[in-house]
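Dear colleague,

I am handing over the structure below, and my notes on it follow. Please read them with the coordinates open beside you.

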Amino acid sequence: MNYDDVLPYLSKGNFGKYQKKIYILLCLPSILCAFIKLAGVFLLAVPEHRCRLEGENANASFSLSSDIWNASIPFDEKKGKFSQCELINQTTKAIVECDKYIWNTTKTSAVMSFSLVCDRGALRASADSFMMVGVLIGSYVFGDLSVRYWRRPTFMFSLLIQVVFGLLTAISPDFISYTICRMVR
């Protein structure tokens, strides 16, 4: 006898109100957890950016006139577009790496807040990797807790942790706290 043979005896032959309620109550948090896991695609999206020119203030417009663009930003032959990580030093005419950026503000993400582009671009992948480390550790810890202290209180506690650290992720002031909060949730 297998599970499908026993199920009609347990549910009195049909999928009743109780089973529907439990199914919906368990699927809703699971769907929200999937959104949390996929949020990195949107939170860590890279908007268009360019180097901030000498003497330009932080809230300058992203667009430049073509003569300033050609004189200040080198063309990357490999990518077939202007560089987003280098600029031409106007006094020495040398190409230098930049550390301050002007963003195209039609889209926003954590990348803008923490400047996760160019030489810091690998940190985006690190943030998602640490989140998956948190999933691994959380699966082990909450699996053990659910065996010791029942499933329901452990499930509710894990949902509370997700809500609290989800809010903390949203207000993280720096990359390290963002990554830690995202790892814990």
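Contact here means heavy atoms within 4.5 Å. On that basis, residues 24 or more positions apart account for 52% of the contacts in the protein with a separation of 6 or more. This is a predicted model, in which local features need pLDDT of at least 70 and side-chain atom pairs count only at pLDDT 80 or more, while totals for chains, interfaces and linings use all residues. Residues are numbered from 1 along each chain as its sequence is written, and side-chain values use heavy atoms, with hydrogens and water left out.

Overall form

The protein has eight helices and six strands, where helices (H or I, at least four residues) and strands (E, at least two) are DSSP runs, numbered from the N terminus. Their order along the sequence is α-α-α-β-α-β-β-β-β-β-α-α-α-α. The radius of gyration, taken over C-alpha atoms, is 25 Å, well over the 16 Å that the globule rule (2.2 Å times the number of residues to the power 0.38) gives for 185 residues, so the protein is more spread out than a compact globule. Along the principal axes, the C-alpha trace spans about 85 × 30 × 30 Å.

Surface and charge

Buried residues (under 20% relative accessible area, with exposed being over 50% and partly exposed in between, for a 1.4 Å probe and protein chains only) make up 29% of the 185 residues. The protein exposes about 13,100 Å², of which carbon and sulfur atoms supply 64%, the areas coming from the Shrake-Rupley method with a 1.4 Å probe. The mean positions of the 20 positive and 15 negative charges are 14 Å apart; Lys and Arg count as positive and Asp and Glu as negative, with His and the chain ends not counted, and each charge is placed at NZ of Lys, CZ of Arg, CG of Asp or CD of Glu.

The nonpolar core

A nonpolar core is a set of buried Ala, Val, Leu, Ile, Met, Phe, Trp, Tyr and Cys residues joined through side-chain atoms within 4.5 Å. In the largest one, which has 15 residues, Leu-44, Trp-103, Val-111, Phe-114, Leu-116, Phe-175 and Tyr-178 touch the most other members. Two or more residues are given to this core by each of β6 (101–103), α5 and α8 (175–184), and the largest share, four residues, comes from α5. Leaving aside residues up to four places away in sequence, Leu-44 touches Ala-110, Val-111, Leu-116, Arg-124, Ala-127, Asp-128, Tyr-178 and Arg-182.

Individual residues

Glu-56, in the loop between β1 (49–51) and α4 (66–72), is buried, with a relative accessible area of 17%.

Ser-115, another residue other than glycine, has a positive phi near 50°, lies in the loop between α5 (110–114) and α6 (122–149), and is partly exposed at 23%.

Finally, Ile-137 sits in helix α6 and counts as partly exposed at 46% relative accessibility. Ile-137 and Asp-119 are 18 residues apart in sequence and 29 Å apart in space, C-alpha to C-alpha.

With best wishes
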